[in-house]
Amino acid sequence: MRILLVEDERALADGLADGLRREGYTVDVAYDGAAALTRLATIDAELMILDRDLPQLSGDAVCRMLREQRHPVRILMLTAAGTLDDRVAGLDLGADDYLPKPFAYVELLARLRALGRRAGGAAGTVLEAANVRIDTVRRTAERDGRPLRLTPKEYGVLESLLAARGGWVSTDELLDEVWAHADERARAVVKAAVHTLRRKLGHPDPIETAPGHGYRIGAAS
Ligand code: CA
């Protein structure tokens, strides 16, 4: 599940992004409203955490523009003012949920899970191929009915491969989808994650590799 986090307080944004990545989410960060709209046009984010109080283009304006475009991203709006009037105004603008600051981290996670379930409703939450099955809401994986204990990155690779429905996924695409964090961008980490994922999936190896193409799973033969 990919999240775009929009918050102009950099320390808060970066800390939150790190925490969410540890939960296994793929997180992009934008520090203002205009950057958020630009970023959203180039990535496939299902969820957006949108601070209401942003410089120049406000969270309200971003929310309104996305809804006018009928953009499908689910929006969780953060606001410092937790009054009922603000809550109603935020929801009227088209936010899917609302969380007053300061908030408890576990509360944020709970809201994201709920929004993720709704976001996944249309696309389906279970992806399956080659007897490998994942639940993208609960973030669980199994092979031949056997539960797998995957790291967030291994899970991310598997989710990307299954979402491609038999198509090739290149190392660069995996880096972009699973390792959005710049510090981690090294091709060797993809290879390492695929290696450990394969070991956990067991035999027969369902992941195909081809130089120049990348990886795929469950291709129609
Ligand atoms: Ca702010």
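**Note on salt bridges and the nonpolar core**

1. In this predicted model, Arg74 and Asp96 form a salt bridge through their side chains, with an N to O distance of 3.4 Å. The pair joins distant parts of the chain: Arg74 belongs to strand 4 (residues 74-79), whereas Asp96 lies in the loop between helix 4 (84-92) and strand 5 (97-100), and the two are 22 residues apart. Arg74 has a relative accessibility of 22% and therefore counts as partly exposed.

2. A second salt bridge pairs the side chains of Glu128 and Arg133 at 3.1 Å, N to O. Arg133 is partly exposed, at 34% relative accessibility.

3. The side chains of Glu154 and Lys200 also meet in a salt bridge, at 2.8 Å from N to O. This pair connects helix 6, which holds Glu154, with helix 8, which holds Lys200, across 46 residues. Glu154 is buried, with a relative accessible area of 4%, while Lys200 is partly exposed at 25%.

4. The count of salt bridges comes to 16. Glu7, Glu9, Asp51 and Lys101 are linked by such bridges into a network.

5. The largest nonpolar core comprises 25 residues, and those with the most contacts inside it are Val157, Leu158, Leu162, Leu174 and Trp179. Two or more residues come from each of strand 6 (126-129), strand 7 (132-135), helix 6 (152-163), helix 7 (171-178), helix 8 (187-201) and strand 11 (214-217).

6. Leaving aside residues up to four places away in sequence, Val157 touches Leu174, Val178, Trp179, Ala193, Val194 and Leu197.

Note on methods
Residues numbered from 1 in each chain as written. Predicted model: local features only at pLDDT ≥ 70, side-chain atom pairs only at ≥ 80, totals over all residues. Heavy atoms only, no water. Core = buried A, V, L, I, M, F, W, Y, C linked by side-chain atoms within 4.5 Å. Buried < 20%, exposed > 50% of the residue type's maximum accessible area, 1.4 Å probe, protein only. Helix = DSSP H or I, 4+ residues; strand = E, 2+ residues; numbered from the N terminus. Contact = heavy atoms within 4.5 Å. Salt bridge = Lys/Arg side-chain N within 4 Å of Asp/Glu carboxyl O.
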